[in-house]
Amino acid sequence: MEHREVASINLARLLREGGTVRAAGVVREAFWVGEERFPLAGEASWKVAISSVGSNEYWLSGEVEGVALMECRRCLKPTPTPIHAHFQHLLRYQQGLEEVVFHEEKEEEYYAFGGPDLDLLPFLTEAFVTEMPYTVLCEEGCKGLCPVCGADRNLVDCGHEPEVHHPFRVLKDLLPEL
């Protein structure tokens, strides 16, 4: 199995002869979705297999695994979060296409490609980022940031009292004293 840092694979032999092509590699530093950066602690490793299933159709299956650095939802501290994602996609070869195009027809979804070099990074990114949790905590008892001064309450006691939210607190001012 070929191991590479670049997340692409050449399918020329597969397009001519059929069979299966495998590759593995790493993604360093971060995944990008548009302008948004998803940083990694170290590198994420990936491996894929692409098999001919006949009639210019191919089955892409793979996995990507790494540790994302996410912000704690309470104190914003970078928090290592292990991610392990699997993915599978149907590919169709359409000679002359300049880029990979997603198609959704009735109940069938597939990606059309036109060149022998297939960029795997969009598939890896989608699988990795989709598997990430919405929020994380650096530790279960994280005290978060002070809403008054912004101090990390896990490190210092700033002296500000935590604001108590009570659902009926507003009603107190509406009722005359009894």
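How many residues does the largest nonpolar core have, and which of them have the most contacts inside it? The legends below start there. This is a predicted model, in which local features need pLDDT of at least 70, side-chain atom pairs count only at pLDDT 80 or more, and totals for chains, interfaces and linings use all residues. Residues are numbered from 1 along each chain as its sequence is written, and side-chain values use heavy atoms, with hydrogens and water left out.

**View 1. The largest nonpolar core, with 35 residues.** Phe31 and Leu120 have the most contacts inside this core. β3 (20–33), β4, β5, β6 (78–93), β8 (108–113) and α2 (121–131) each supply at least two of its residues. β4 gives the largest share, six residues. A nonpolar core here is a set of buried Ala, Val, Leu, Ile, Met, Phe, Trp, Tyr and Cys residues joined through side-chain atoms within 4.5 Å. Buried means under 20% relative accessible area, exposed means over 50%, and partly exposed lies in between (1.4 Å probe, protein chains only). Helices (H or I, at least four residues) and strands (E, at least two) are DSSP runs, numbered from the N terminus. In soluble globular proteins, nonpolar side chains tend to be buried together.

**View 2. The lining of the largest pocket.** The volume of this pocket is about 150 Å³. Its lining consists of Glu36, Arg37, Phe38, Pro39, Leu69, Met70, Glu71, Val129, Met132, Pro133 and Tyr134. β4 (36–54) and β5 (57–71) each supply at least two lining residues. β4 gives the most, with four. By class, the lining has eight nonpolar residues, no polar ones and three charged. Ala, Val, Leu, Ile, Met, Phe, Trp, Tyr, Cys and Pro count as nonpolar, Asp, Glu, Lys and Arg as charged, and the others, Gly among them, as polar. On a 1 Å grid over the protein atoms alone, a pocket is an open set of points where a 1.4 Å probe fits, with protein on both sides within 12 Å along at least five of seven lines; lining residues have an atom within 4 Å of a point. Grid points are joined across faces, edges and corners, and the volume is the space filled by probe spheres set on the points.

**View 3. Aromatic rings.** The structure holds five aromatic pairs. One of them joins Phe102 and Tyr111, which are tilted, at 5.1 Å centre to centre and 55° between the planes. Phe102 is partly exposed because its relative accessibility is 40%. Tyr111 is buried, at 14%. Tyr58, Tyr93 and Phe113 form one aromatic cluster. Rings of Phe, Tyr and Trp (its six-membered ring) pair if their centres lie within 6.5 Å; planes under 30 degrees apart count as stacked, over 60 as edge-to-face and the rest as tilted.

**View 4. Arg92 over the face of Tyr110.** Arg92 lies 4.0 Å from the ring centre. A charge sits over a ring if NZ of Lys or CZ of Arg is within 6 Å of the ring centre and within 35 degrees of the ring normal.

**View 5. Two loop residues with positive phi.** Leu76 is in the loop between β5 and β6. Its phi is near 70°, a positive value in a residue other than glycine. Leu76 counts as partly exposed because its relative accessibility is 45%. Lys106 sits in the loop between β7 (101–105) and β8. The phi of Lys106 is near 50°, also positive in a residue other than glycine. Lys106 is exposed, with a relative accessible area of 88%. Most residues other than glycine have a negative phi.

**View 6. Thr125 in helix α2.** Thr125 is buried because its relative accessibility is 7%. Thr125 and Val64 are 61 residues apart in sequence and 8.7 Å apart in space, C-alpha to C-alpha.

**View 7. Pro82 in strand β6.** Pro82 is exposed, at 66% relative accessibility. Its C-alpha atom is separated by 10 Å from that of Met70, twelve residues apart along the chain. Met70 is also one of the residues lining the largest pocket.

**View 8. Glu108 in strand β8.** Glu108 counts as partly exposed, at 31% relative accessibility. The C-alpha atoms of Glu108 and Glu65 are separated by 28 Å, and the two residues are 43 apart along the chain.
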